[in-house]
Amino acid sequence: MALTRSALRLFSGRFTQACQVRGYADAPSMSLTFAAPSQVLYNNISVKQVDVPSFSGSFGILPAHVPTLAVLKPGVVTVFENDGSTKKFFVSSGTVTINEDSTVQLLAEEAVPVDTLDISAAKELLAQSQSQLASATSDVAKAEAEISIEVSEALVKACE
């Protein structure tokens, strides 16, 4: 019986300590760096949450998120700022790195505020891309047209 109590005390002490090591989403904020080749949208700015589209599925990033590396797919990145406002950006592709210290680096090939997008231009680009696919004769031309269609479809969806 004494051995059982000692083992229980030892186990409960380690269990409490293990639970205190990492409390997911308990950190007050996280630092975001979000950039594209032509501009820096956020430079080490504290935010509450970031939602990203990735090829493994869309997901939200909160403070103390599990360290992750993901490839962005065409879609909308939503940044929830500390003041409660949200900003949405269309990205064509890129990467997101989530570090153990609650810093996030989001590097996009292209990033445009969603409120500046033109749905008629996006639909026209989609039609052009579909036309390019229909007339493509080489595998390279077909692949390029398919990528253009994927981005154009995501643009149209972001505008709606």
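**A chat about the chain and its cores**

Reader: How much of the chain is buried?
Author: Buried residues make up 31% of the 160 residues in the chain, where buried means under 20% relative accessible area, exposed over 50%, and partly exposed in between (1.4 Å probe, protein chains only). This is a predicted model, in which local features need pLDDT of at least 70, side-chain atom pairs count only at pLDDT 80 or more, and totals for chains, interfaces and linings use all residues. Residues are numbered from 1 along each chain as its sequence is written, and side-chain values use heavy atoms, with hydrogens and water left out.

Reader: Which helices and strands are there, and in what pattern?
Author: The chain has 3 helices and 9 strands, and along the sequence the pattern is α-β-β-β-β-β-β-β-β-β-α-α. Helices (H or I, at least four residues) and strands (E, at least two) are DSSP runs, numbered from the N terminus.

Reader: Which residues touch the most other members of the largest nonpolar core?
Author: That core has 21 residues, and L32, F34, V50, V96 and L106 touch the most other members. A nonpolar core is a set of buried Ala, Val, Leu, Ile, Met, Phe, Trp, Tyr and Cys residues joined through side-chain atoms within 4.5 Å. The elements that give two or more residues to this core include strand 1 (30–36), strand 2 (39–52) and strand 8 (103–108). Apart from it lies another core, of 9 residues, among them I149, V151, L155 and A158.

Reader: What does V50 touch?
Author: Not counting residues up to four places away in sequence, V50 touches M30, L32, F59, G60, I61, V77, T78 and L106. Contact means heavy atoms within 4.5 Å.

Reader: T78 is on that list; where does T78 lie, and is T78 buried or exposed?
Author: T78 lies in strand 5 (residues 75–81) and is buried, with a relative accessible area of 10%. Beyond four places in sequence, T78 touches Q49, V50, D51, T86, K87 and K88.

Reader: Changing topic, where does S92 lie?
Author: S92 lies in the loop between strand 6 and strand 7. S92 is buried, with a relative accessible area of 8%.

Reader: What joins the side chains of S92 and E110?
Author: A polar contact of 3.1 Å joins them. A polar contact is a pair of N or O atoms within 3.5 Å; within protein, one must be able to donate a hydrogen and the other to accept it, and residues adjacent in sequence count only if both atoms are side-chain atoms.

Reader: Which other residues is S92 in contact with?
Author: Leaving aside neighbours within four places in sequence, S92 is also in contact with K73, P74, E109 and V151.
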